[in-house]
Each structure stands twice: as structure tokens, then as C-alpha cells.
Amino acid sequence: MRKRTVTALTIAITAASVAAASAQAGPDFGYHKVRSGVPKHTAHFRVTSPDLAHGTFPAASYSDSFGCTGGNVPPRLHWSGAPAATKSFAVTMFDRDAPTGSGFWHWSVRNLPATAAAVPADAAAGVNDAGTASYLGPCPPAGDGPHQYEITVLALDVPDAGVPATAGPAMASFAMGSHVIATARITATAAS
């Protein structure tokens with residue numbers, strides 16, 4: 001068996017190779033795929049939004065923090081065609097392009113009744129990644145380019161997924177994941 005010797009030259013060549021590969025990776029450098037919280041082959045239904053009709057957020061829906069001056073007004077959503085077995089709905093808004101390494105959850109509403117076809121004005125939101133129990137509008141960092149925000153309506157097979165009100169969105173998504181029977185999604189863009 002041959003013994004391998006690591007020298008300073010080997011380390012320098014390896015570091016240069018990694019740097020060259022990173023430079024060639026361009027816009028993908030620093031990004032990785034985030035696993036979906038929705039099972040494959042899940043049924044789909046329809047969601048629309050008069051506020052996102054052009055694929056972008058209106059000014060009022062932007063954040064009022066992180067350097068943005070929006071109003072944190074959640075976009076109006078309307079859905080239809082969910083399976084008859086639906087016992088409740090949940091709504092999430094996720095930014096896969098956030099420079100965090102794990103994305104950023106802006107909105108998490110759960111335990112909406114099976115009769116809902118929209119998010120009621122008085123719906124209680126779960127905790128988002130900023131630590132507030134509310135909708136937090138988009139606000140991509142300056143110079144970061146446009147971000148794609150996935151707004152997903154989840155049809156669940158239970159009236160309550162048992163997610164504590166203080167649970168963060170990743171924990172909530174994990175708890176709800178095994179109860180998702182159908183989804184509806186709108187993807188909208190926001191830029192700094």
C-alpha cells in the first residue's frame with residue numbers, strides 16, 4: 001500500500017482548483033438546492049392572486065424593514081379545486097434565493113378551515129424567519145438581483161397538524177409535510 005504525502009504544494013494546487021471551479025460556477029456559487037417539503041406526486045389545485053397578476057409584488061406587499069419601505073400587506077389569494085378529503089389549509093411564502101444558505105420563510109399561516117378559499121383577514125400567522133408571527137414582505141438585499149418567492153397553499157388531511165404557535169416555519173413545514181394531500185403555488189418576483 002502506497003502512503004500518500006500531503007505537501008504545501010498539493011494544498012496550494014487543490015486550493016487553486018477549488019477557486020477556479022468556484023469562479024467558473026458563476027451565479028451558482030454559494031447556492032444549493034433546498035429540498036421540497038412537499039411529497040413528490042402530490043395532487044395540485046388552483047391559486048390566483050389579483051395582487052400578483054403580473055408576477056411581481058405591489059409596493060404595499062414589500063417589507064417595512066431590512067431597508068425596504070413597504071407596508072407588509074400580504075397578497076390576496078384565492079384558491080379552488082382542493083381535494084374533497086381536505087380537512088384544513090396552510091399557506092407559506094418562501095424565498096429560496098435568500099443569501100442564508102437555507103432560504104427565508106416570510107409567511108406561515110396554518111389551521112385554516114377546509115371551507116376556506118382565501119386567507120381570512122383575521123388569520124393568525126405562525127412565526128416567520130424574522131421571529132415575528134406575521135407576514136413579512138419581500139426585501140432582497142441591495143445588489144442581490146431579483147428573488148423568486150414561492151407562495152404555496154397546502155391542503156392537509158388533518159384539521160390541525162399539531163404545530164405549536166411558537167414553532168418556526170421549518171418545524172411547521174416538517175410537521176405538516178406528512179399531511180399534505182395537494183398543493184397550489186404562485187411564484188412572484190421582487191427586486192431591490
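A residue is called buried when its relative accessible area is under 20%, exposed when this area is over 50%, and partly exposed in between, with a 1.4 Å probe and protein chains only. Helices (H or I, at least four residues) and strands (E, at least two) are taken as DSSP runs and are numbered from the N terminus. The structure is a predicted model, in which local features need pLDDT of at least 70 and side-chain atom pairs count only at pLDDT 80 or more, while totals for chains, interfaces and linings use all residues. Residues are numbered from 1 along each chain as its sequence is written, and side-chain values use heavy atoms, with hydrogens and water left out.

The protein contains 2 helices and 7 strands, which follow one another along the sequence in the pattern α-β-β-β-β-β-β-α-β. Of its 192 residues, 36% count as buried. When contacts (heavy atoms within 4.5 Å) between residues at least 6 apart in sequence are considered, 72% of them join residues at least 24 apart.

Five of the strands are arranged in an open sheet with mixed pairing, in the order β1-β7-β6-β4-β5, where two strands are said to pair if DSSP finds at least two bridges between them. Strands β1 (43–44) and β5 (104–113) stand at the edges and have a single partner strand each, so one side of each is left without a neighbour in the sheet. In general, the strands of a sheet pair through backbone hydrogen bonds, either parallel or antiparallel.

Strand β4 (residues 88–95) runs antiparallel to β5, to which it is joined by 7 bridges, and it also runs antiparallel to β6, with 8 bridges between the two. Strand β4 is mostly covered, with 8 of its 8 residues buried. In a regular strand the side chains alternate between the two faces of the sheet. In β4, the buried residues on one side are Ser88, Ala90, Thr92 and Phe94, and those on the other are Phe89, Val91, Met93 and Asp95, so that both faces are covered. Although β5 stands at an edge, 8 of its 10 residues are buried, so this strand is largely enclosed by the rest of the structure. Helix α2 (residues 169–177) lies across β4, β5, β6 (147–156) and β7 (180–190), and runs at about 45° to β5 (axes are lines fitted to C-alpha atoms, for helices over the stretch in contact, and angles run from 0 to 180 degrees between N-to-C directions).

A nonpolar core is a set of buried Ala, Val, Leu, Ile, Met, Phe, Trp, Tyr and Cys residues joined through side-chain atoms within 4.5 Å. The largest such core has 27 residues, among which Phe57, Trp79 and Val91 touch the most other members. Strands β4, β5, β6 and β7 are the elements that give two or more residues to this core, and β7 gives the most, with 5 residues. Residues up to four places away in sequence being left out, Phe57 touches a set of residues that includes Leu52, Tyr62, Met93, Tyr149 and Ile151. A second, separate core has 10 residues, including Leu154, Leu156, Ala161 and Ala172.

The whole structure holds 2 salt bridges, each being a side-chain nitrogen of Lys or Arg within 4 Å of a carboxyl oxygen of Asp or Glu. One of them joins the side chains of Arg76 and Asp51 (2.6 Å, N to O). Both Arg76 and Asp51 lie in the loop between β2 (46–48) and β3 (78–80), so the pair ties together parts that are 25 residues apart in sequence. Arg76 counts as partly exposed, at 48% relative accessibility. The other salt bridge is formed by the side chains of Glu150 and Arg96 (2.9 Å, N to O), and it links distant parts of the chain, as Glu150 is in strand β6 and Arg96, 54 residues apart, is in the loop between β4 and β5. Glu150 is buried, with a relative accessible area of 15%, whereas Arg96 is partly exposed, with 29%.
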